Amino acid sequence: MDTLRDELLAVFDAEYRDHLRAIRGIVAAGCADAQGLAEIFRRVHSLKGAARAVELPVVEGVAHALENRLSALLAARALPDEADLKAITDTLDEVDLLMAAAPGAAAHAPDEGAPAATVVENPAYVQVPVARLDALAAAVHDLMSVAERHERLWAQVMDLLDDSRAVMHAPERMRADPVAEFARMTRRLMTVGRERELMSGQIDRALLRLGEEVHAVTLVPAESVFGSLAAMARRIAREHGGPDAGVEVHMHGMEVQTERRVMQALRDPVVHLVRNAIVHGYESRARRLKEGKSERLNITIAVTLTGVRLQVVVSDDGRGPDLQAIAARAAGQGLVHADAPLDARQLLARVFEPGFSTRGQADTLAGRGVGLSVVAEAARALHGTVRMERRQPAGTTVTLTVPVSQRQRTVLLVENAGQSLGLPGRVIRHLLRVRRDGIRLLNGAPFAVVPHPNDGASPAAGSAGKQAEDLVPLVPLRAFVGDEDAPLPVRDGAVSVVVMEVDGARCGFAVERMVDVRTLLVSDATAVGLDSELVPGIAWPREDQPVFILSPDRLFARWRLRGNGGGVCFSDVDEAAPVVPVRHAPLVMVVDDSITTRTLQKTILQSHGYDVCLAVDGEEALAMLQQSSRHVDVVVTDVEMPRMDGFALLAAMRADPHLSGIPVVLMTSRDEGDDVRRGMEGGARAYLTKQKFDQGELIDTIRGLL
């Protein structure tokens, strides 16, 4: 059961962040009207139910108190006033802090005197976009398809060996017509050899693509790591300046994605920088107003991605660094000579030395001799840098810059005008050798014919029926890296083409020569004579020959800018419909807008031998029920859901003759008599409350209905 709870806690971690982000967005946009208030209420209600599912009573209690307040507003048809909005914001902060204060089941309110804790995250779960999962599944499918073709090729090789043995034991075949027999064997050998060469490239490309897609799945947005820091900063400000102290936290670039372990490794340093900004930058309200500032200290956390470098900037508009105090402290610690002339940049570099602190007295927040050295150590561990600057007109800016990935990249090495270039394998779809007479001209522009996704591996596969052709524009890579007027590089009557795809658009870039597929460690590029936007990374596979890694996004942007992307038609690819395996276990549909609750019920049902399908609300459930090729035996649904609630789903099912016979179980936290009566009179076969949830009761109920 501990394993299940750990899994649920990991799912809840993602769900509560999503609810808090959505509610904050409604409040910040000033959209807390009747519709916005109803959406806030629904999310708080879902948050409460999810907290109950993972046994976090403190979080559940906080959400329940806010739910009651919102319910009273909805009942009175009143809009939230300033006090209500503050209650909403304070509750969100409290939930954030409760989740940050203790790992696992230890959901207790933190001690008021303790410094804000680091968020404890379960590294076993990340949120992955469906499109990314589809791309990963496609890469796996491609690899499996190549493996099947490789197996068929091996069977051909074995047949050829058997045929050769048969000839050796039947010399009369050679005596009858040795020239014809030799020609036949030679043709078979050449066919197998060509297919083997083609297969080798297909395997390399399939493995390359799979590796890139697996890497892409590990990417997480900055919001998932830094999203809770605003609440933490507000609490630190209250601890440092008293109950009336406040801070405004501004977050930018929270949608930026990079490897989870890189982003997670930056969290503690950023927390330290936020705490440092408050402790050293805090000013009284009167002082700030006197200096023409806003009443509250403003802290900004900005995340940007530049080439292959990730940059996290923490800035504030507080007092700013005290250069005299820094110089005195540095001289006292022997870091600089007392009479040495140092500029601001040199002085500010000293604050990252171990044990450096200008704070004279230690408290729970600062002055314990740790200083900003932990930030510098974290940056060095990630092969990055950190620097502090005086912010204009007032305040401090600290910039952390690290490689976006600590892992190696798989690239295709090509030659271009004497340079070695690397093309990221993730966007490569085909590697072709196109004969000069095989290039198609459409409106004077060259196009290459690429293998259709449904084509078989056998040369005879096309003889059964002509497949639709796929055409991609053909352009010289050198035209975008070096010489705009470069012609197609034709060698020995053919052109080497790398077909790449970015955002659904495909283009074939002709290269002088394909060299190899390599896995390289990519670092920041400072290539002389090359566009830094087009060439964001550089690798050194050999000490004497650098490889310049091209940005496919920038490459395609230049291609489109030159007008080469218009008027190109691509044939549609019909994907085979998925085959649903026939199973004998009953199928239960779980409908709930809380991913935590869905996960809990799915796990329980599957452990008792049931098949489970999931829907996020009544509208999606109804569509699935009407379109599914498999019969659903029981529907277990929540009541409070967006778009279509449980009562409406029940009514829609009863009105549909094809669905009216499916038993429906309502499982909700709404336990008032009127709700129970409404559900049972509407046709529900059972009504279970989440407050008294018992998995045994759920299983017994479903068994009774079946």
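**Pockets, cavities and salt bridges in the predicted model**

Grid points are joined across faces, edges and corners, and a volume is the space filled by probe spheres set on the points. The structure is a predicted model, in which local features need pLDDT of at least 70 and side-chain atom pairs count only at pLDDT 80 or more, while totals for chains, interfaces and linings use all residues. Residues are numbered from 1 along each chain as its sequence is written, and side-chain values use heavy atoms, with hydrogens and water left out.

The lining of the second largest pocket consists of 33 residues, and Arg24, Thr89, Asp93, Arg234 and Glu248 are those nearest its centre. At least two lining residues of this pocket come from each of helix H1 (2–28), H4, helix H9 (229–241) and strand E2 (247–252). Helices (H or I, at least four residues) and strands (E, at least two) are DSSP runs, numbered from the N terminus. The pocket lining divides into 13 nonpolar, six polar and 14 charged residues. In this scheme Ala, Val, Leu, Ile, Met, Phe, Trp, Tyr, Cys and Pro count as nonpolar, Asp, Glu, Lys and Arg as charged, and the others, Gly among them, as polar. Because domain 1 (1–100) and domain 3 (219–356 + 369–401) both contribute lining residues, the second largest pocket lies between them. The domain bounds come from an automatic or database domain assignment.

Three cavities of 30 Å³ or more were counted. The largest cavity has a volume of about 50 Å³. Its lining is formed by His45, Ser46, Gly49, Ala50, Arg52, Asp592, Asp593, Ser594, Thr597, Asp638, Ser669 and Lys690. Helix H2 (residues 34–53) supplies the largest share of this lining, five residues. One nonpolar, six polar and five charged residues make up the lining of the largest cavity. Both domain 1 (1–100) and domain 5 (585–703) give residues to that lining, so the largest cavity lies between these domains.

The second largest cavity holds about 40 Å³ of space. Val44, Leu47, Ala63, Leu66, Thr91, Leu92 and Val95 form its lining. Two or more of these residues come from each of H2, helix H3 (57–75) and helix H4 (82–101), and H4 gives the most, with three residues. The lining of the second largest cavity contains six nonpolar residues, one polar residue and no charged residues.

Thr596 is located in helix H16 (residues 595–607). With a relative accessibility of 0%, Thr596 counts as buried; the cut-offs are under 20% relative accessible area for buried, over 50% for exposed, and in between for partly exposed (1.4 Å probe, protein chains only). Leaving out residues up to four places away in sequence, Thr596 touches Leu8, Val11, Phe12, Glu15, Ala50, Ala53 and Val54, a contact being heavy atoms within 4.5 Å.

Over the whole structure, 29 salt bridges were found, each defined as a side-chain nitrogen of Lys or Arg within 4 Å of a carboxyl oxygen of Asp or Glu. One of them joins Arg69 and Asp84, whose closest N and O atoms are 2.8 Å apart. Arg69 belongs to helix H3 and Asp84 to helix H4, so the pair ties together parts 15 residues apart in sequence. Arg69 is partly exposed at 36% relative accessibility, whereas Asp84 is buried at 8%.

A salt bridge also forms between the side chains of Arg387 and Glu389 (3.6 Å, N to O). Arg387 is partly exposed at 41% relative accessibility, and Glu389 is partly exposed with a relative accessible area of 32%.

In the salt bridge between Arg478 and Glu512, the closest N and O atoms are 3.8 Å apart. This pair links distant parts of the chain, 34 residues apart: Arg478 lies in the loop between strand E13 (470–476) and strand E14 (494–502), and Glu512 in the loop between strand E15 (505–511) and strand E16 (513–520). Arg478 has a relative accessible area of 35% and is partly exposed, while Glu512, at 17%, is buried.

A network of salt bridges links Asp18, Arg21, Glu39, Arg42, Arg43, Glu223 and Asp593. Asp593 is also among the residues that line the largest cavity.

Definitions and conventions: On a 1 Å grid over the protein atoms alone, a cavity is a set of points where a 1.4 Å probe fits but cannot get out, and a pocket is an open set with protein on both sides within 12 Å along at least five of seven lines; lining residues have an atom within 4 Å of a point.
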